[in-house]
Amino acid sequence: MKRAPGRGRLSTIVGIVLLALMLFPVYWMVNASLQPTGNTLRGDWLPFHPDFSGYATALRDQGRNLVTSLVVALGSVALSLGLAAPAAYALAQFRIRGTNLVLLGILITQMVPGIVVANALYSAYSDLGLLNSYVGLILADSTAGVPFAVIILRSFMQGIPREIIEAARVDGAGRLRVFCSVVLPVSRNALITAAVFTFLFAWSDFLFALTLTTTETVRPISLGIYQYIGAHTDQWNAIMATTVMASVPAAVLLVVAQRHISAGATGGAIK
Amino acid sequence: MRSGPRPATDPRSWERLAQWMFLGPAAAYLLLFFGYPIVKNVVMSFQQYTPTTFYTGAAPFVGRQNYAEILASDLFAKSLLTTLLFTAGSICGQFVLGLGFALFFQRRFPLGGVLRSLLLLPWLLPLVVSGATWRWMLDPDTGVVNAVLRALHLSSSGIPWLTGTSQALVSVILINIWIGIPFNTAILYGGLQEIPTHLYEAAKLDGAGPVTSFRHVTWPLLRPVVSVVLVLGVVYTLKVLDVILVVTGGGPANATETLATRSYELSFQQFEFGRGAAMSNVLVVISLAFALVYLRANRRARNAEEAIP
């Protein structure tokens, strides 16, 4: 059954209009970041005369915080995958007692508000000297990444044929060998999906940055923006330049890892 | 087959130990970073946990006093109502618009796939970024939204989006809907793809129009995915904190104060950790109760449906 060619094109036009409406705030953010300082009271609709002074100010004030966020996010990816990949393998392929208990635990983690975790961690961190530390933030930020990565990786690893694993076992490989040289390479795509999302979770974290840091030594970009808004309401071009820079990972990953983003969006929820 | 308990030299218990080496670290992490906080919050909520506690280490137990205090305050009822309105409003908007987008993208048309993936962008942006951008757009005097309304002569003075006590809640709900649409669209679109096309063709042969086929084919088969989206949506929205803190900070005049923001303020601005913990426990109970009631109702509905031949 063929469709009239005009109908498809009409849908494309409607789709572009709808998307333009949905993404207008993103455009407006970029546009505002390119306006000169002081002109922000009456910003132009198009950045005909792009002015990068907002970026200069933002980099000077927030450059360090961007690096902090990068370190924390990469650390969280390493920790989350390091914990989740073996656990997902165990949950998917071993028949161990306690599997259901762990799965129930993961389900419950989704209902625990971040503020509950922050409340308790603040006093524990203060005793352990983990406030204002990279390690403390990486550990706390992974509360989003670990459960998500376990869910994504487990559902993928359930599909790994047992024959592959058993063949390697028969050849004399130990569990760890099988995991490292068979399971992980086969799960490459699921690992990338999990990594992309754990990176974005940690990069976007605001609550733990807000509650578990008290000084400027370790300050993620999300908190930098928050304090920028409070302090310099007159410098909107610099604030918006910072938000644009903080959006770069999401935008880049959406383009580069589009397949993984789609997989993660549906895979994380339907389980 | 051997049976009976043996020491650790038994290959089976050795095997079990090896298996736990895989699961153990993650299980330990979840216990430390979810289990411990849940227990600690319950304990703290019965303690007088104040700034001096951090110096003296003394946190005397005060029974139900923290709960009595927060439940008795006028702000509690108000922030509970705000939480419910915020959640209900966000979920309705996200779901209806998300379903609309999902149905729209189900048609095949040029650029459809590209547009669908670009739609995910608002969901992937850090919430602080979205919040800051909307705050700038909704500024009563300099924001682009009021500028458009003025240019179209829809409002001469502009709407106090973030400064009016009744408008501010509507504004944060609208922003949260904007953030949630991509997630709803992605999952519902995934669900729609699972529905076999021959069912639509059969419905069409029976003379069903688009509305009838939506009611009798799409909706019943999409039901399980709808439940997932709604339960996750409610559970996630109940605990939203970032958007509100960035856009309105709970104001004006506490108009956008929810249980989550109240808990944050009690703990981290007034350093009343005991009362903050009590407030967050109320939030956990609401969240758990909703999930249980909903899942049970859903299972009953499904059982009833399956009972009908």
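Visitor: Is B:Trp123 buried, partly exposed or exposed?
Guide: In this predicted model, B:Trp123 is partly exposed, because its relative accessible area of 25% falls between the limits of 20% and 50%.

Visitor: What about A:Phe197, buried or exposed?
Guide: A:Phe197 is buried, with a relative accessible area of 2%.

Visitor: How many aromatic pairs does a search of the whole structure find?
Guide: The search finds 31 aromatic pairs over all chains. One of them is formed by A:Phe197 and B:Trp123, a tilted pair with 5.9 Å centre to centre and 50° between the planes.

Visitor: Why does that pair join two chains?
Guide: A:Phe197 belongs to helix H8 (residues 188-204) of chain A, while B:Trp123 belongs to helix H6 (residues 121-124) of chain B, so the pair joins two chains.

Visitor: Now to A:Trp236 and B:Trp136: why is the pair stacked?
Guide: The ring centres of A:Trp236 and B:Trp136 are 5.0 Å apart and their planes lie at 20°, so the pair counts as stacked; the angle for stacking must be under 30 degrees.

Visitor: Which helices hold the two residues?
Guide: A:Trp236 is in helix H11 (residues 236-256) of chain A and B:Trp136 is in helix H7 (residues 127-137) of chain B, so this pair also crosses between chains.

Visitor: Are they buried or exposed?
Guide: A:Trp236 is buried at 8% relative accessibility, and B:Trp136 is buried at 5%.

Visitor: A change of topic: which residue lies over the face of A:Phe94?
Guide: That residue is A:Arg175, at 4.4 Å from the ring centre.

Definitions and conventions. Residues numbered from 1 in each chain as written. Chains lettered and ligands numbered in written order. Predicted model: local features only at pLDDT ≥ 70, side-chain atom pairs only at ≥ 80, totals over all residues. Heavy atoms only, no water. Phe/Tyr/Trp six-rings, centres within 6.5 Å; stacked < 30°, edge-to-face > 60°. Helix = DSSP H or I, 4+ residues; strand = E, 2+ residues; numbered from the N terminus. Buried < 20%, exposed > 50% of the residue type's maximum accessible area, 1.4 Å probe, protein only. Lys NZ or Arg CZ within 6 Å of the ring centre and 35° of its normal.
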